[in-house]
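This report covers helix packing and the nonpolar core. The sequence and structure come first.

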Amino acid sequence: MESCGLHVSSGTSKNGISAIQALKVVHGMRDPADGLLRKTLTTVLNAWGSDLTSWDGMTLRAVAIAIHRNWDTIDCPLC
């Protein structure tokens with residue numbers, strides 16, 4: 001998260017993510033060394049910016065699932 005300029009937040013802030021459960025789910029979907037969490041965060045940043053509404057838990061999970069299911073065919077940059 002820090003490499004993407006983000007942090008865990010207990011409230012709402014521009015670069016803070018309070019959807020802790022979603023972060024845990026995304027982190028556990030693949031081997032952490034694969035970088036799914038970083039790819040998910042980068043994709044959300046590129047698509048919607050670091051607006052407060054970008055860090056919704058359902059959005060993070062949905063983007064992560066799309067990347068995970070298309071892992072071998074999708075090209076996602078890292079932060």
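## Nonpolar core

A nonpolar core is a set of buried Ala, Val, Leu, Ile, Met, Phe, Trp, Tyr and Cys residues joined through side-chain atoms within 4.5 Å. Buried means under 20% relative accessible area, with a 1.4 Å probe and protein chains only. The largest such core has 18 residues, and Ile17, Leu41, Trp55 and Leu60 touch the most other members. Helices α1, α2 and α3 (57–69) each supply at least two residues of this core. Helices here are DSSP runs (H or I, at least four residues), numbered from the N terminus.

Leu41 is in contact (heavy atoms within 4.5 Å) with Met1, Cys4, Leu6, Ile17, Leu23, Trp55 and Leu60, leaving aside neighbours within four places in sequence.

## Basis

The model is predicted: local features need pLDDT of at least 70, side-chain atom pairs count only at pLDDT 80 or more, and totals for chains, interfaces and linings use all residues. Residues are numbered from 1 along each chain as its sequence is written, and side-chain values use heavy atoms, without hydrogens and water.

## α1 against α2

Helix α1 (residues 20–29) packs on helix α2 (residues 36–48) at about 125°, with axes 8 Å apart. Axes are lines fitted to C-alpha atoms over the stretch in contact, and angles run from 0 to 180 degrees between N-to-C directions. Leu23, Val26 and Met29 of α1 meet Leu36, Leu37, Thr40 and Leu41 of α2.

## α2 against α3

The axes of α2 and α3 come within 9 Å and cross at roughly 115°. Contact residues include Val44 and Trp48 of α2 and Val63 and Ile67 of α3.

Methods
Buried < 20%, exposed > 50% of the residue type's maximum accessible area, 1.4 Å probe, protein only.
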